[in-house]
Amino acid sequence: MSEALLTLAPYIKVALPVPMRTLFDYKVPKAIALRHELKPGMRVKVPFGKSSRLGVIVALSDHSEWDPEQVKPLTSLHDKSPVISAELMALCEWAARYYHHPIGDVIFHALPVLLRKGENAEFRTENWWFTTEKGRATSLEQLSRAPRQQDFLKAVQQHPNGLSQHAASVLDLAPSAAKVLEEKGLLRKEPRSFNKGGEKHAHQTQVPPTLNVEQMRATEHLLDYRNQFHVALLDGVTGSGKTEVFLRVMERLIEEGKQILVMVPEIGLTPQTLKRFEIRFNTDIVLMHSNMSDRERLDAWLLAASGHAKIIIGTRSAAFIPAPNLGLIVIDEEHDTSYKQHEGFRYHARDLAIKRAQALDIPVLLASATPSYESLTNALQKRFAWLKLRQRAGNAHIPVMERVDLRGKTLVHGFSEQALASMKLCLERKEQVLVFLNRRGYAPTLMCHQCGWIAACDHCDVNLTVHKRANKLHCHHCDAQKALIHTCPECQSEALFTVGEGTEQIETQLSTLFKDTPILRIDRDSTQRKSAMAKLTQKIHEHDQAILIGTQMLAKGHHFPNVTLVIIMDADAGLFSSDFRGMERTAQLITQVAGRAGRAKKPGHVLLQTYHPDHAAIECLCNLGYEHFAIDGLAERKSLSLPPFYHQVIVRAESGNEQEAMQLLSAMRNDLEPFFAKDVYLVGPYTAIIVRKAGQHRALISIKAAQRAPLHQATQMMTNWLEQSTKQHRIRFAIDVDPLETY
Ligand code: ADP
Ligand code: ZN
Ligand code: ZN
């Protein structure tokens, strides 16, 4: 074969999962070029340093800027077709630029873990069992002495189209029994590709509710814009039927053969949500979240990539899921901060999804009862369509919010007299109370009565939380754990006592006050196991009267029809936050929790316990509601030149050494500030509020600008400077574009 017939691109540019903001050049050996067509998005094995690495081809090239002698050949090609489509490659490249993050890390982040490790991008095969003629003729009595074989044969006889290995294990059938039956010639097996979304669920036909006027208007608007890039903010009070609206739109798009990505917050995917989709759609639905095994995630990824899965419901990382016929992206609870990754590649899944939709020319629907200030601004400035639902769907009403003044009052286990009396009445009516306290564990502090010693984390500047049930002291910042102690390590006194209350303590105390009432706690500790949440919600639905105690987990998307009273134990938490987003978060949380009350036919009531009943923010939220509150908040942000009116980037540095991080950022500011555009403003370096976390001393510097371009340019300069300067030091740095945390 002549040279000319060889691939036109003798070089490839490869992304590797290393912290360097560059691509790496490799030669394509003739032997590989002759047999394979290399394409961007395929994985390759390449030599790197003294070892070899798996990388992803980003581009083919006819030249390299490096000395050809120094460019090494790739070792082997890993895929027959790209694992990253051209569409997703472009998204990754955009994200690497926008977030100033190494391209290799971005691309690897976009892939499921097993593909990062080199697994083939193919459906796994699994065995399916069928009866042979002999197996069909065999009566089950003949196997009465081998009950496990009997069970297995019975199950296969009941599935004339075959029983999958997966289904057999769901039915708890013994694989060893199948083997014996096969040897006896009663069963035969057949390997099949696992390309179905598990077992088909039983589709129930349910007549959907008739839409009210507001829902109808929103649905029609969304259908009108369904074939083009269009961002709509579906801003509807809790229980106003937002989900119902996007289910309608999805129905139409699925009829038209489209795939739909529904993004949900990290812990907001409730069994109820999934069930609602399954009942509604007789189509393949896949899930993508952090509670799945690596193999399950790859299966979901393959089902989406092959177009089999029509609906993909996923958390943050699903923003990168391949879907060749994607027709709509829905972002439920768009204000939720779990859409932003808080470490490593710090992207925002909502912003990424909007970028992706723009490139694909498809619509995005953002839904929330408490839209983020960013999205509200976009709606106010008419970049997003603003669809409002101001009435609760069906017969439900907006709950009444009432402040309970705690000043000078005697509290019983943190509850005011009024709160306890209301709880009693609510339970007597055979209804449910939801108690909200955003602090898990038994108590936030353990202290010595004799000498004042406080149990603190060895690695962070914070106190350890007492977890009585687990008998532990736990750091909620670095996850360090110790056994709970009963003697002071300083003075050996046994007079240790706890200060403050967490959900675990409230649970214990309420169970003495309300002896015969079922009490259910919902927080990260009580829902650790896989099916725990499903079991808890089932219990909630089983009982008439009950007390639910929970953290912000309870605020997300749940529908508890019998909850009529919500008690917010500490409405002041977050009121005096040092972060400028503190108010926004507090208002969102209170409104979301309050929204759990009275979602069905019975009216709801919300009690906010506060020491600041006249605080303008609490007053505004109670009397005028979230939208009014947010518009006031935005005016203040504007007057202070804060996001979303100014754009912000935070540079973080951390080091085991106490001063190093601060010194590094100071040096950077001194070196670079003279070169920044005039309208770029710097603050810092300053230390993080919790200076030491997991043994690292943390410093940050904030820069902001009204325009993206100069900010981007300054960030680029800082990134380059830091890459050079941290080579010799053990300092880690991170760039956080559009940060949600600024301390
Ligand atoms: P949101 O997503 O805004 O919280 P949902 O769509 O979950 O609201 O609706 C809340 C409840 O009201 C659900 O039980 C839903 O089935 C019901 N619902 C929604 N729309 C209607 C309607 N038009 N008529 C009657 N019930 C409705
Ligand atoms: Zn002591
Ligand atoms: Zn710690």
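At roughly what angle do the axes of helix α18 and helix α20 cross? In this predicted model, the axes of α18 (residues 582-594) and α20 (residues 626-639) cross at roughly 175 degrees and come within 11 Å. The two helices are therefore roughly antiparallel, since an angle over 145 degrees falls in that class. On the side of α18, the contact is made by Met583, Glu584, Ala587, Gln588 and Thr591, and on the side of α20 by Tyr626, Phe629 and Arg637.

Helix α19 (residues 616-624) has Ala617, Ile618, Cys620, Leu621 and Cys622 as buried residues. The elements that cover the buried residues of α19 include α18 and α20, together with the strands β16 (400-405) and β26 (605-610).

Aromatic contacts were examined next. A pair of aromatic rings is described by the distance of the centres and the angle of the planes. The count of aromatic pairs comes to eleven. One of these is formed by Phe24 and Phe48, with 5.4 Å between the centres and 85 degrees between the planes, an edge-to-face arrangement. Phe24 belongs to strand β2 (residues 24-27) and Phe48 to strand β3 (residues 43-48), so this pair ties together parts that are 24 residues apart in sequence. Phe24 and Phe48 are both buried.

Phe320 and Tyr347 also form an edge-to-face pair, at 5.5 Å centre to centre and 75 degrees between the planes. Here the link is between distant parts of the chain, 27 residues apart: Phe320 is in the loop between β12 (311-314) and β13 (326-332), whereas Tyr347 is in the loop between β13 and α13 (349-360). Phe320 has a relative accessible area of 2% and is buried; Tyr347, at 0% relative accessibility, is likewise buried. Phe320 and Tyr347 belong to one aromatic cluster with Trp94, Tyr98, Tyr99 and Phe345.

Charged groups also lie over aromatic rings. Lys388 is placed over the face of Trp386, 4.1 Å from the ring centre. The ring of Tyr646 has the charged end of Lys704 over it, 5.5 Å from the ring centre.

Asn161 occupies the loop between α6 (147-158) and β7 (163-164). With a relative accessibility of 65%, Asn161 is exposed. When residues up to four places away in sequence are not counted, Asn161 touches Trp128, Phe130 and Arg192. The C-alpha atoms of Asn161 and Phe130 are 7.5 Å apart, while the two residues are 31 residues apart in sequence.

Several features of the backbone remain. Most residues other than glycine have a negative phi, and most peptide bonds are trans. The peptide bond from Pro643 to Pro644 is cis, with omega near 5 degrees, and Pro644 is in the loop between α20 and β27 (647-655). Ser641 is also in the loop between α20 and β27; its phi is positive, near 55 degrees. Ser641 is partly exposed, at 23% relative accessibility. Another cis peptide bond joins Gly684 and Pro685, with omega about 10 degrees, and Pro685 lies in strand β28 (residues 680-693). A positive phi near 50 degrees is found at Asp738, in the segment after β30 (732-737). Asp738 has a relative accessible area of 19% and counts as buried, because the class takes in values under 20%.

Notes
Residues are numbered from 1 along each chain as its sequence is written. Chains are lettered from A and ligands numbered from 1 in the order in which they are written. This is a predicted model: local features need pLDDT of at least 70, side-chain atom pairs count only at pLDDT 80 or more; totals for chains, interfaces and linings use all residues. Side-chain values use heavy atoms; hydrogens and water are left out. Axes are lines fitted to C-alpha atoms, for helices over the stretch in contact, and angles run from 0 to 180 degrees between N-to-C directions. Helices (H or I, at least four residues) and strands (E, at least two) are DSSP runs, numbered from the N terminus. Angles under 35 degrees count as roughly parallel, over 145 as roughly antiparallel, 65 to 115 as roughly perpendicular and the rest as oblique. Contact means heavy atoms within 4.5 Å. Rings of Phe, Tyr and Trp (its six-membered ring) pair if their centres lie within 6.5 Å; planes under 30 degrees apart count as stacked, over 60 as edge-to-face and the rest as tilted. Buried means under 20% relative accessible area, exposed over 50%, partly exposed in between (1.4 Å probe, protein chains only). A charge sits over a ring if NZ of Lys or CZ of Arg is within 6 Å of the ring centre and within 35 degrees of the ring normal.
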